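Here is a short report on a protein model.

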Amino acid sequence: MLSWLRARARASASVEFALVAVFVLLPLIAGVSDFVVVISAQAQLNTALQALYYFAYANPTQAVAYTSASTVAYQSYIISQINASSDYQIALKPNGSYNSTLTYYCVTTSTGTISSVYTSPPTCAGNQTEQIYVNYTVTASVTVPFPGPLKLSNPYALSATGGVQVQ
Amino acid sequence: MCNSLAALYRVPRATLHALALARRAGAAVEFALCAFALVAFILAILNLGLLGFELGALAHGVQTSARHAGVDAAATYANTGTMTCDSTSTIRGYFNNVAAPPLEASSGSSTDGSPVLTASWTNNAGSGAASEPPGIYLNLAVSYKWQAIGFPFGPGITLKIATVILAPGSAGLSGSAVGGSC
């Protein structure tokens, strides 16, 4: 019976099409739909990060006081407002009780060379200027519709990190 | 099967039977079936590229037009002593300047498939809750129904990007320095 079936060539094209559909087309469509969800969420994350940069840039004194309750609240409020209009829920990665960090640089004034990097306020040399950057990390967790083809974890964790100079 | 096809297309049964047994052009038939997958693959690559391109333009358009509106509000205060906020149609103009093309220009209609802008200003100058930043801020969201090439009758994918921008210098303003448009 089996050798008789093997010897037959009828409907071989249909079988080939079924194989192509199952192993190529369906995973392709599933992968595309996952990809769309992931890159659109990443675009929203990057935009949220830009909004935080702009907040820090426009309110440098407020942003540098990153341990202040009002700074924490304002930065959280910006994210909550974005979330209210977005398809994805973004979170500011906490830094203990706060939601941003500062990085300090001592820059040699004459050359513009960054001499040292600090995580707390430094005492720069006389020929150096202090620069301060505010750093944020935003995260989002998205549910991908078909995690199998791309072997993605589900929910899939995304993040964007960056800093802006405020002084 | 042969009977129903023969009846439908008025083809002699003998001809259909001969066709079913024929092995000529089998490779062409198989290619036609595989070509379906090949074309789908090419369209998928093309559409993913376009999607990334248009999504990037959408995000850039939202960020740039929101910043433009925020800075514009600050400029009106510097020039006139009263902060005036841009209307949604003005912000739509900023958006179209930077994002169309590659995106279709936003027309203001929510039914023609062009990007739909939703802009709302919040006036917290001189007041506001403790959890909200003082000053004037704009919440701008743009949604766009993206349609894949080669699938004109598909449902499309709604892309949405939102941002929040504080008008620079508005944090210390008193309520009387803010115009009604904010």
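## What pairing means

Two strands count as a pair if DSSP finds at least two bridges between them. With that in mind, A:Tyr104 stands opposite A:Ile132 in β4(A). The model is predicted.

## Strand pairs in chain A

Start with strand β2 of chain A, residues 101–108. This strand runs antiparallel to β4(A), and 8 bridges join the two. The facing residues A:Tyr104 and A:Ile132 show where to look.

Next comes strand β1 of chain A, residues 90–92. Its partner is strand β4 of chain A, residues 128–142. The two run antiparallel and are joined by 3 bridges. Here A:Ala91 stands opposite A:Thr139 in β4(A).

Which strand pairs with β4(A) over 10 bridges? Strand β5 of chain A, residues 156–165, does, again in the antiparallel sense. Find A:Ala140, and opposite stands A:Leu158 in β5(A).

## Where the chains touch

Now turn to the contact between chain A and chain B. Chain B puts in 33 residues and chain A puts in 31 residues. On the side of chain B that touches chain A, the elements giving two or more residues are α3 (26–80), β2 (135–146) and β3 (157–166) of chain B. Which of chain B's elements gives the most to this side? The answer is α3(B), with 16 residues.

What kinds of residue make up this side of chain B? The residues divide into 24 nonpolar, 5 polar and 4 charged.

Definitions and conventions
Residues are numbered from 1 along each chain as its sequence is written. Chains are lettered from A and ligands numbered from 1 in the order in which they are written. This is a predicted model: local features need pLDDT of at least 70, side-chain atom pairs count only at pLDDT 80 or more; totals for chains, interfaces and linings use all residues. Two residues are in contact if their C-beta atoms, placed from the backbone, lie within 7 Å. Helices (H or I, at least four residues) and strands (E, at least two) are DSSP runs, numbered from the N terminus. Ala, Val, Leu, Ile, Met, Phe, Trp, Tyr, Cys and Pro count as nonpolar, Asp, Glu, Lys and Arg as charged, and the others, Gly among them, as polar.
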